[in-house]
Amino acid sequence: MADRSTAVAEGGSGWEHFSHDADIGVRGFGPSIEAAFEQAAHALTAVVTDAEVVASTRVEVACEAPDVELLLVEWLNAVIYEMAVRRMVFGRFSVRIEGGRLKGVLWGEAVDRQRHAPACEPKGATYTELRVAPGAGGAWSAGCVVDV
């Protein structure tokens, strides 16, 4: 799978993929930790499909962890879990973090194999290259390698 990304304006939001052996790295950027987590979830969806996702169904998730890096893994794994059990793909995300708890909302639709042409099914977010940190210019980044 080729490295891909969205444009990120100075201090703005976006995402990117990065190569890692047989797996793929996902990284989100944003003006807050929450925005970076949302963009990391967009990068995760882009691993599955290039197609536009209709945000017609709402799914709420919650997770917790002792620090923000482990919370990113929990968040991405919650998205992966919902994709698998609901047979859905998500295209819009909302994250709220308070302490070590995350409340998120995913909006998406049922997978249409013809329209979405899923490239792969992510198995899980890993601790490999796990990093959540502010960067120069104030934007946050949040990323890790996803087992595909």
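How many salt bridges does the structure hold? The structure holds 5 salt bridges, a salt bridge being a side-chain nitrogen of Lys or Arg within 4 Å of a carboxyl oxygen of Asp or Glu. The model is predicted, with local features requiring pLDDT of at least 70 and side-chain atom pairs counting only at pLDDT 80 or more, whereas totals for chains, interfaces and linings use all residues. Residues are numbered from 1 along each chain as its sequence is written, and side-chain values use heavy atoms, with hydrogens and water left out.

Among these pairs, glutamate 82 and arginine 86 have their closest N and O atoms 2.5 Å apart, and both lie in helix H2, separated by 4 residues, or about one turn of the helix. Glutamate 82 is buried at a relative accessible area of 10%, while arginine 86, at 44%, is partly exposed; buried denotes under 20% relative accessible area, exposed over 50%, and partly exposed in between (1.4 Å probe, protein chains only). Arginine 115 likewise forms a salt bridge with glutamate 109, the closest N and O atoms being 2.5 Å apart; here arginine 115 is partly exposed at 38% relative accessibility, and glutamate 109 is buried at 10%. In the salt bridge between glutamate 60 and arginine 58, the corresponding distance is 3.6 Å, and both residues are exposed.

Just after H2, arginine 87 adopts a positive phi of about 55°.

Methods
Helix = DSSP H or I, 4+ residues; strand = E, 2+ residues; numbered from the N terminus.
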